[in-house]
Each structure stands twice: as C-alpha cells, then as structure tokens.
Amino acid sequence: MQIKKQSRDSITNASRRAQIVRAAIETIAELGYDKATFATITERAGLSSPRMISYHFAGKQDLIRQIVEDVYHTGAAFILERIKAQTTASGRLRAYLESNLEFLREHPTDLAALTEIGPHLRDQAGEPYTAAGYQEPSVQGMVMLLEEGQRGGEFGDFDARSMAVMIRAAIDAAAPRMRGEHALDFDIYRGTVVDTFVRAVQQAAQRTSEER
C-alpha cells in the first residue's frame, strides 16, 4: 500500500510541475520575463498560493531552466521522429531542416517564452548562458549527420562543422520572424532553406566525384 501511495504522490507531483511549467510558459510569453512573477503564474495556473510553486521549484531560475529543458526535449522528440523515418543522409538532412522550422511555427508560445528567457538564464554557477552554448549540442548532432553523409558518399568534401553552424544559423534566424510585422512567408522560407543546404551538400559530392 505504501508503494502505491508513493507512486500516486509521484504522479501527482509530476502533474503539478507540468501544470506550473505550462502556466509559466504562457505567462512569460504574454507578459514578459520581468512581469512573470510567482504570483502571476499562480493565478494563471489556478493554484491557491505561490507557495505551491516554491514547493516544486527552488526559485525563478530553477523554474525557467525546467521550461528550457521541457521545450528542448519536446522539440527533440518532434524532430528525431521525423529524422528516424528517413533511410538516406539526404532525407535525414531534409527532415531535420523541415521539422526544426515546423516546430518553430507550431509552438509560438513556447518560442516567445524562450526568447524572453534567453537573456536571463543562468547556469548552476550563476553565469549567463551564451547563444553558442545553447546551440552547441545541436551543432554537434548536425556534424554527425553531415559526416555520416560524407562517409556514405552522398555528401562531398566540406568542413562539416562550418556547414552545421550555417544550418543552425538559418533555423535560428527564422525564430523571431515567424510572426509580426516582418514575418517570413513560412513555406517559401522552408523551401528555400531546404533546397539551399540539400543542394549544397549534394553538389559538393558531385564536385568531389569529378575531381577524383
């Protein structure tokens, strides 16, 4: 019986944490980082007291780190599912580009919250995160994908890390331009980005073949 009670408590705590994180995302996206206090998050979440947030999170930094982790995990699952469905390196590259951009389009509230959080996020030592630091895991994953294509002969000779950085830059540049006065035409941008990079790596393969 005690084990069952602990299991129920664990599920309840996880559900409450998820409720708080979702409310925090929506509050930050709507009001901005500074106005997203525990009081305003409590009101949006329908909780009885800010102490319920404090029970689950040590402070605002702890909460926003959880937001970033949750959004990135959700995005990774969305993207990896599409990449794994492909059987070629070119297909995986195309799926990576399309799914990254589609995730940005389909999660505008999450994106707005992350944009607000970015300048305020600190690591465990209290140091600010950098854009390069955020991107590095994604860059390394893209390097692996590109090098796989090079080993298999689908992609030509080029510096995989430089190409990976450019790919990430093209995706990240779209984030603040999904909506608003200077919004991109999503379908045109997605098609342009995909065609540009897929053709670039494939044409590099053709040049490499001709040189040999």
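Helices (H or I, at least four residues) and strands (E, at least two) are DSSP runs, numbered from the N terminus. Keep that in mind as you look around this predicted model, where local features need pLDDT of at least 70, side-chain atom pairs count only at pLDDT 80 or more, and totals for chains, interfaces and linings use all residues. Residues are numbered from 1 along each chain as its sequence is written, and side-chain values use heavy atoms, leaving out hydrogens and water.

Start by selecting the whole chain. You will find nine helices and zero strands, and the C-alpha trace spans about 70 × 50 × 35 Å along its principal axes. Of the 212 residues, 37% are buried (under 20% relative accessible area, with a 1.4 Å probe and protein chains only).

Next, select residues 89–106, helix α5, and residues 160–174, helix α8. Their axes (lines fitted to C-alpha atoms over the stretch in contact) lie 9 Å apart, at an angle of about 20 degrees; such angles run from 0 to 180 degrees between N-to-C directions. That makes α5 roughly parallel to α8 (angles under 35 degrees count as this).

Now show side chains. On α5, pick L93, Y96, L97, N100, L101 and L104; on α8, pick I167, R168, I171 and A174. These residues make the contact between the two helices, where contact means heavy atoms within 4.5 Å. What kinds of residues are they, nonpolar, polar or charged? Eight are nonpolar, one is polar and one is charged. Here Ala, Val, Leu, Ile, Met, Phe, Trp, Tyr, Cys and Pro count as nonpolar, Asp, Glu, Lys and Arg as charged, and the others, Gly among them, as polar.

Notes
Parallel < 35°, antiparallel > 145°, perpendicular 65-115°, else oblique. Buried < 20%, exposed > 50% of the residue type's maximum accessible area, 1.4 Å probe, protein only.
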